[in-house]
Structure formats: C-alpha cells, structure tokens
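Reader: I want to learn how to read cores and surface patches. Can we work through one example?

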Amino acid sequence: MQQWIVKFSIDTPAGPRVLEESYYMPSQADVRHEVTKRGGYVLTIRPHARSPLERWLARSSWWQVQLLRGIQFRSTATSPGVALWRLIQAETNPRRQNILSPAREALARGLGVIDALRSLNIYDYGTLAILAASERSNRLHEGIPHAIQNITQKRKNRGKVIGTMAWLGFDILTIVQGMYWGKGKIIGWFESNPPSEPDKLEQYNKVVGNLSLLWDVLLYVAYAMGAFLVWTILSFWHNRGKRDWPTARIVRKIPLIGAYLRDLGFSDSTAAAARMLRGNVPIGDVLEQASEASNIPDVSEYWMNAREDLSRGVGLGAALDRAPLTKNERLELAGISDLGQVATLMESISEMRQTNAKTKHSLIVWLAFGLSGLYLVVAFGSAIYALTVMNMSMDSMMGQFMTP
C-alpha cells in the first residue's frame with residue numbers, strides 16, 4: 001500500500017474544477033480507476049512522502065492524545081470504529097489528512113479500530129496494548145483515559161531525561177570546547193618555553209606529555225559519547241514502531257538501562273493482561289495480546305512461551321512461573337488457583353515493575369550526573385595541573401632574568 005497525491009480535474013455545475021486529494025492504494029492504476037469512477041480526469045499522480053513537520057506531528061505525544069480524546073468524545077454515542085471514521089472524515093487539514101490516511105484505508109477494508117490505530121505507526125506498544133485490552137473487553141471508552149495517562153507519564157519521563165542530558169551536555173560541551181581551542185595554544189606554549197635547567201627539563205617534558213595525552217583522551221571520549229548519543233537518538237526516532245533493531249539491542253545490553261526498559265515492558269504487558277482478564281477474555285488470547293504489548297524481546301518471549309506451555313496442558317501457574325520474573329513474583333504465581341487471582345497478581349506485578357522502573361530512572365539520572373561530574377573534575381584537575389607546569393617554566397625564565 002502506498003499513499004498517493006493526485007491532482008485531477010472534475011466537471012461541476014459551475015464549470016471544471018481542479019482538485020488535489022490523497023489516496024491510500026496499492027498502485028497508480030487503482031488511483032486512476034478511483035478518480036475515473038468519480039468522473040474526474042487525472043492530471044498528475046505522485047507518491048506522498050511525509051515532510052519532517054508531518055513526521056514530527058504524527059509522532060508527538062500531543063497529537064496522539066488529541067486523537068484518542070477525539071475518539072473518546074465521539075464514541076459516547078456510537079462505536080469506536082465509527083467514531084474514528086467520523087473523526088477522519090471531519091478533518092480538513094491536508095497534513096493531518098495525510099497522516100490519517102492509513103487508518104481510513106484500514107477502516108474502509110473492514111478492519112477494527114485497533115488495527116486502524118496500529119496502521120498509523122505513531123503509538124508505542126504499551127499504549128496499543130492498553131487500547132487493545134480494553135477493546136477486547138468491550139471497554140475501549142474506559143481504556144482511553146488509561147492510555148492517555150500512559151502517554152503523558154512517558155512524556156514526563158522523557159522530558160526529565162532530555163532536560164537532564166541537555167544540562168549535562170551543555171556543561172561538558174563548554175569544557176570540551178575550551179580544551180579543544182586551548183590545547184594547541186597551551187601545549188604549544190609549553191613546548192616553546194621549556195626550562196633551561198637540565199634536571200628540570202626531563203621532568204617538564206614528561207609532565208607536558210602526560211598533560212597532552214590526558215587532554216587527547218578526554219576529547220576523544222567526549223567525541224565518542226556524543227556521536228553514540230546522537231546516533232542512538234536518531235536510530236530510535238527513525239525505527240520508532242519496530243519491534244527490534246541493532247541499536248535497540250546495543251542499548252538493552254547496557255546493564256541499568258536494559259533493566260529499566262525490561263521493567264517498563266513488564267509493567268505495560270501485565271497491566272494489559274490484567275485488564276483483559278477482568279474483561280473475561282480467553283486466557284490464550286490474553287497471553288498472545290500481552291506478548292504484543294512490548295517491543296522488548298525478553299518480555300514478548302515470556303508470554304509466548306507461557307502460551308505454548310499452556311497449550312500443551314501445563315497449569316497456568318506453572319506456565320507463568322519462569323524467567324525473567326523475579327523470585328518473589330514467581331513464588332506468588334506458583335500459588336494461584338483461579339483467573340481472578342491471576343488478574344490481581346498481574347496488577348500487583350505491574351505496579352511493582354512501574355515502581356522499579358521509576359527507581360532505575362532516578363538512578364540513571366543521578367549516575368549521569370555523577371559521571372559528568374567526574375569528567376568535569378578530571379578536566380578542571382588537568383587545568384590546575386597545567387598551571388603547575390606553567391609555574392615550572394615561569395620559574396626557569398625568572399631564574400634566567402635574575403642571573404647576572
């Protein structure tokens with residue numbers, strides 16, 4: 001499927017008019033056929049490419065929340081699918097029409113509201129899991145506020161991380177800039193003004209060499225970390241909506257960050273599972289939907305492995321009792337006897353994982369402060385060290401002036 005921008009002419013009682021509309025269809029031939037059915041004459045057809053502004057708008061939390069609120073407001077008197085269709089039809093902004101075209105095509109083909117929202121490729125797996133769980137329980141109207149809360153909370157967490165990293169980055173950037181521009185002049189001055197005493201010259205050259213090496217290491221470390229950070233941000237933005245890719249695997253291998261992402265994944269998936277169990281959704285469907293609630297492979301594999309064991313006749317408690325759940329969580333799962341207890345336990349695990357994720361988030365922020373502070377201490381210490389080297393050279397020069 002491809003989105004096409006079509007300019008065509010159509011006869012009206014007031015005379016011919018030239019219109020430009022977007023179509024979400026497999027090929028240009030299908031677009032021409034659709035325009036011909038309306039009595040129009042195709043002038044130009046071009047594939048649509050989202051502009052940077054459209055990509056930013058489609059993936060912004062503000063746009064996501066507004067879309068869900070529009071569905072919630074209109075679904076009070078009709079079904080969520082019809083509410084989304086009316087929302088799309090009422091949209092007059094061409095840019096937003098282009099963004100909503102995949103959902104309109106999905107609804108026109110008879111797919112449900114969750115499939116239509118998934119086709120937009122703007123919501124993360126946790127949000128879609130909350131919506132899907134509510135829709136399977138026939139309570140999508142009640143689930144939308146929880147999805148909005150999930151989006152808002154993640155936006156706040158993301159804002160804290162971005163603010164912290166921006167402040168730390170500014171501090172380090174100023175230090176790195178000073179070291180970059182001052183290194184050549186300072187080291188050059190040291191090399192041009194060595195002490196004249198032979199006993200001090202060897203020590204002086206050794207100190208200058210160590211100082212130059214230290215500044216080179218600090219600069220290259222800053223360059224490498226900056227390049228990795230930019231590459232990671234761009235990769236996550238470009239691959240948003242995908243389940244797994246190389247950069248995500250690298251990030252998950254970082255000990256504290258990997259555990260933080262795993263806790264978030266379990267929090268989203270267990271919350272979705274609890275909501276579906278409360279809505280009397282079959283347990284097999286619950287496990288399958290819970291596996292789709294997170295893009296963390298460990299979390300998805302946990303639910304799919306549990307579903308496979310359950311299909312082989314293993315008890316529910318034994319099927320769910322597996323890694324990467326913690327020891328306390330597995331002990332609680334081993335004693336369950338009915339689905340009502342499973343729903344309660346899933347809600348408890350979701351809350352505990354969310355609390356753990358917040359704790360790890362704070363640790364990540366403070367660790368970033370600590371590492372940046374260590375970097376700044378080394379940078380300032382090297383500057384003070386440079387002053388001692390300068391004193392060695394200045395003492396030698398003053399000694400030469402004072403010698404008759």
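Reader: Which residues touch the most other members in the largest nonpolar core?

Author: Keep in mind that this is a predicted model. A core is a set of buried nonpolar residues joined through side-chain atoms. Here the largest has 30 residues, and Leu67, Leu68, Leu84, Leu117, Tyr123 and Leu131 touch the most other members.

Reader: Which helices each supply at least two residues of this core?

Author: Helices H3 (61-74), H4 (80-90), H5 (94-108), H6 (113-119), H7 and H8 (140-192) each do.

Reader: What does Tyr123 touch?

Author: Leave out residues up to four places away in sequence, and Tyr123 touches Gln64, Leu67, Leu68, Leu117, Leu128 and Ile151. Another core, of 29 residues, lies apart from the largest one. Met276, Tyr302, Trp303 and Leu333 are among its members.

Reader: Which residues of helix H12 are buried?

Author: Buried means under 20% relative accessible area. In H12 (residues 283-291), Val286, Leu287, Gln289, Ala290 and Ser291 are buried. They pack against helices H7 (125-136), H11 (255-278), H13 (297-311) and H14 (316-320).

Reader: Now the surface. Which residues make the nonpolar patch?

Author: Leu214, Leu367, Leu371, Leu374 and Val378 make a patch of about 420 Å². Helix H16 (residues 339-402) gives the largest share, 4 residues. Leu214 is found in helix H9 (residues 198-238).

Reader: Why does Leu214 count as partly exposed?

Author: Partly exposed lies between the buried limit of 20% and the exposed limit of 50%. Leu214 has 30% relative accessibility, so it counts as partly exposed.

Methods. Residues are numbered from 1 along each chain as its sequence is written. This is a predicted model: local features need pLDDT of at least 70, side-chain atom pairs count only at pLDDT 80 or more; totals for chains, interfaces and linings use all residues. Side-chain values use heavy atoms; hydrogens and water are left out. Patches are made of residues with over 30% relative accessible area and no salt bridge: like charges are joined within 9 Å, nonpolar side chains (Val, Leu, Ile, Met, Phe, Trp, Tyr) within 5 Å. Accessible areas come from the Shrake-Rupley method with a 1.4 Å probe; for residues, only the protein chains shown count as cover. A salt bridge is a side-chain nitrogen of Lys or Arg within 4 Å of a carboxyl oxygen of Asp or Glu. Buried means under 20% relative accessible area, exposed over 50%, partly exposed in between (1.4 Å probe, protein chains only). Contact means heavy atoms within 4.5 Å. A nonpolar core is a set of buried Ala, Val, Leu, Ile, Met, Phe, Trp, Tyr and Cys residues joined through side-chain atoms within 4.5 Å.
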